[in-house]
Amino acid sequence: MSELKLGDKAPNFDAETSEGKINFYDYLGDSWGILFSHPADYTPVCTTELGTVANYKAKFEKRNVKVMALSVDGLESHKGWIKDINETQNTTVNFPIIADEDRKVSDLYGMIHPKADDTLTVRSVFVIAPDKSIKMTLTYPASTGRNFDELIRVIDSLQLTAYNKVATPANWKNGEDVVISPSVSNEEADKMFPKGYKEIRPYLRMTPEPELNN
Ligand code: BEZ
């Protein structure tokens, strides 16, 4: 089983999807990406998850994130199920779903965990930066649907910390204070954070969230 780690390059692939044959890197272009697997079509938790992702289209677009889903079911199954998702979740599925019948992509990304289920994928998520490095992974079992607000929160943190020398504290949400990276000296922090900062301990300095890309 593949063991992709943070910082590894996300493997590229060609795949049959509900939106035609797609090359993953071409699809991502210069955007951030999310590749996520679900165990099976026509199942209740997966139906709510894919409906939620479709309904979050504007949130992903605002953050320049392209989304691609995967299951090991076939194209005809995906097409029929998408109709069900649209009807029951009051949405229009607006991202490709890979039909990974030969498990090529699942194996490439280690999405099958044999001790959980030796044929179906678990609920994996890979967040991929524009340079194609893997920035976050998570793995949930089939019985637990993912929290896509948490995924949006993580993307906000990843994007903020990619462009600023800060990190985000426990339960941080967009707009709240952040911590200054330990590698930044106080002299540098004075220049880098014009809104100022509060030194609670020498290693714990809080500052208002910087503007993205500053
Ligand atoms: C579901 O999506 O509801 C589901 C899929 C596989 C196993 C258990 C639940």
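Which residues is C46 in contact with, leaving aside its neighbours within four places in sequence? The legends below take up this point and then turn to the ligand and the strands of this predicted model.

Figure 1. Leaving aside neighbours within four places in sequence, C46 is in contact with H38, P39, A40, W81 and R123. In UniProt, an unreviewed entry places the feature "active site" at C46.

**Figure 2. The ligand and the residues around it.** The side chain of T43 places an N or O atom 3.0 Å from an oxygen atom of the ligand. For P44, a backbone N or O atom lies 3.3 Å from a ligand oxygen atom. The side chain of R123 likewise has an N or O atom 3.0 Å from an oxygen atom of the ligand. Of the 260 Å² that the ligand exposes when taken alone, the protein buries 73%.

**Figure 3. Strand β6 and its side chains.** Strand β6 comprises residues 123-128 and is mostly covered, with 6 of its 6 residues buried. In a regular strand, side chains alternate between the two faces of the sheet. In β6, R123, V125 and V127 point one way, whereas S124, F126 and I128 point the other way, and all are buried.

**Figure 4. Pairing of β6 with β3 and β7.** Strand β3 (residues 32-37) pairs with β6 in the antiparallel sense over 4 bridges. Within this pairing, I34 stands opposite V127 of β6. Strand β7 (residues 134-140) also pairs with β6 in the antiparallel sense, over 6 bridges. The bridge partner of V127 in β7 is M136. The hairpin of β6 and β7 has 5 residues between the strands, and K132 takes a positive phi near 75° there.

**Figure 5. The open sheet of β8, β9, β11 and β10.** These 4 strands form an open sheet in the order β8-β9-β11-β10, with antiparallel pairing. Strands β8 (166-167) and β10 (198-201) stand at the edges, each with a single partner strand, so one side of each is left without a neighbour in the sheet. Strands β9 (residues 178-180) and β11 (residues 204-207) run antiparallel and are joined by 2 bridges. V179 stands opposite M206 in β11.

Notes
Residues numbered from 1 in each chain as written. Predicted model: local features only at pLDDT ≥ 70, side-chain atom pairs only at ≥ 80, totals over all residues. Heavy atoms only, no water. UniProt positions renumbered as here; feature names shortened; annotations may be inferred. Contact = heavy atoms within 4.5 Å. Pairing = 2+ DSSP bridges. Near = heavy atom within 4 Å. Polar contact = N/O pair within 3.5 Å; in protein donor to acceptor, adjacent residues only side chain to side chain. Areas by Shrake-Rupley, 256 points an atom, 1.4 Å probe, with all protein chains shown as cover. Buried < 20%, exposed > 50% of the residue type's maximum accessible area, 1.4 Å probe, protein only.
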